[in-house]
Amino acid sequence: MDVLLGTRINHGNHLGTVRYIGPVDNTSGTWLGIEWDDPARGKHDGSKDGKQYFTCRFKMAGSFIRPTAHIIYGISFIEALFAKYIEALHGSETQEKVILGSSQGAIEVEAVSLDKIRAKFSRLDRLREVSLENANVARGDPGTIRTTCPSIQGLDLSFNLLPSWETVAGITQELPSLRRLALNGNRLQLPVNNNSMEGAFSGVTEIQLNATLLTWTEMQAVTSMMPTLQVIEMGYNHLTRLSDGVSVSNSAVQTINLDSNCCSDWAHVCASFKEYHSLQRIVLTSNRFDGIPFPNRSADQLPGVRHISLSDNQLRAWSDVDALSCWFPALETLAISGNPLVNDTELGNQSRPFIIARIPSLLTLDGAAISSKEREDSELFYMSTIVQQEFASDDSRQKAHYRWHDLCAKHGKPDNATAPHKSQDKLSTRLIELHKHSQATDQTQLAIGNTPTATIRVLPTMTLRNLRLKACKALKFDTRRTALKCWLRMHDATLTELDSQYDTRNLDWLGIENGSQIVYQETH
């Protein structure tokens with residue numbers, strides 16, 4: 001194969017791009033200068049002995065290798081498809097012996113007419129979902145794909161050897177039913193001529209471009225050729241800046257996922273989303289936001305956004321939550337776990353009711369639904385904490401607590417800080433204290449120690465599911481990887497399991513009261 005600059009290769013299961021072909025000083029023969037997808041595979045930045053032969057996006061991502069037979073330059077789409085989805089017929093018309101895989105060769109059985117089954121599953125024209133991830137696909141098959149597998153609706157071509165967007169277009173142009181396309185982990189050269197892309201992505205509604213190292217501007221240029229696009233994934237692309245005020249033609253986009261990037265300028269990111277007029281869902285998990293300012297004007301708001309994930313950032317102030325309700329006045333779903341605001345014991349001890357009270361439109365918080373009763377209790381509890389604080393005037397109280405006036409209009413304004421509203425007195429007396437005890441792994445060991453592992457204060461109207469989540473946070477467990485199995489210790493020292501079928505029930509319905517002892521066991 002003739003190797004050209006930009007050719008994608010697989011060498012020892014490491015993917016890379018040819019950036020240089022030729023001699024290297026003080027050596028003999030021809031070398032290939034490779035920019036590796038994984039910088040850890042490289043040795044330098046494309047230079048040797050002070051001479052720059054090629055450049056890399058990341059330092060130490062380059063190295064020189066010899067053009068040997070061990071280098072894989074890729075196969076065609078159809079070759080990869082046949083290799084994965086076609087099993088050769090054995091030529092047996094009646095019976096053949098099959099070793100059961102789970103028996104490690106110990107059990108052998110006779111099966112009848114397996115070739116008929118193989119032939120049935122080899123109907124490529126009926127395939128709807130195809131995954132060719134890590135299949136070394138490097139090129140298309142003009143004129144062949146449409147006749148072989150025209151029914152494909154979902155296609156995963158992640159981590160392959162596709163060199164350019166023109167190559168991708170050559171494949172997708174022959175898939176008239178294509179709706180979902182995953183190109184994660186590829187390094188695609190931008191199209192030289194957009195005419196070659198015409199009609200190639202006309203039906204695509206979802207595109208995955210995670211870990212492709214595309215910039216925001218490059219993504220917009222490519223997706224402008226996808227008129228029906230609704231979902232864009234651009235995670236793990238080292239993005240720090242997007243773009244302001246760039247006109248986009250695919251206004252049907254409803255979801256943008258920027259998971260695990262390096263964005264930190266909140267106002268800039270929101271300004272970049274303004275052109276997506278149908279935007280409803282934003283994922284900004286694991287970025288670098290450490291604060292959310294209030295929008296300067298109402299025109300800066302994103303009124304259509306209803307769902308946002310901000311987990312695992314650096315948000316630590318309650319004003320950040322207040323600002324969220326201004327940026328997204330119709331916000332219904334929020335994921336905010338993993339931030340100092342909810343992880344820190346001092347700041348986040350009552351984080352859930354405080355967040356609920358500060359965002360009036362919220363229906364779900366960190367995966368747990370908010371009932372009307374929980375909202376009422378949360379707002380009253382929040383008000384009870386406000387009236388205990390000293391302020392020079394009502395205006396200063398409003399500045400410190402953005403929703404103060406709205407809450408007063410809804411629930412009635414307390415008389416003053418020293419004589420709170422009657423409903424706040426009633427609510428504060430309803431706060432109950434629960435003692436959490438760890439249980440041994442052995443289910444037969446039901447005895448508990450005298451000293452609780454943790455003590456938490458909750459509202460009796462809290463659901464059992466939310467109690468589990470709150471307990472996980474109090475015990476500093478990762479709620480995404482850990483679940484709690486819980487028992488209620490009765491007066492006779494026996495344990496009654498709090499089964500998950502009661503997760504939607506309130507604590508008072510379950511008989512959990514002030515001073516109750518909850519025994520838990522960590523599960524994964």
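**Strand 3 within its sheet**

Trainee: Over how many bridges do strand 3 (residues 31–36) and strand 6 pair in the antiparallel sense?
Mentor: This is a predicted model, in which local features need pLDDT of at least 70, side-chain atom pairs count only at pLDDT 80 or more, and totals for chains, interfaces and linings use all residues. Residues are numbered from 1 along each chain as its sequence is written, and side-chain values use heavy atoms, leaving out hydrogens and water. Strands are DSSP runs of E, at least two residues long and numbered from the N terminus, and two of them pair if DSSP finds at least two bridges between them. In strand 6, G62 is the bridge partner of E35, and the antiparallel pairing of strand 3 with strand 6 has 4 bridges.

Trainee: How many bridges join strand 2 (residues 14–22) to strand 3?
Mentor: Strand 2 and strand 3 run antiparallel. Y20 has G33 as its bridge partner in strand 3, and the bridges that join the two strands number 6.

Trainee: In what order do the 4 strands form the open sheet?
Mentor: Strand 1 (8–11) and strand 6 (62–65) are the edge strands, each pairing on one side only. The pairing in this open sheet is antiparallel, and the order of the strands is 1-2-3-6.

Trainee: How many of the 6 residues of strand 3 are buried?
Mentor: W31, G33 and E35 point one way from the strand, while L32, I34 and W36 point the other way, and all are buried, that is, under 20% relative accessible area with a 1.4 Å probe and protein chains only. Strand 3 is therefore largely enclosed by the rest of the structure, its buried residues numbering 6 of the 6.

How values were computed
Buried means under 20% relative accessible area, exposed over 50%, partly exposed in between (1.4 Å probe, protein chains only).
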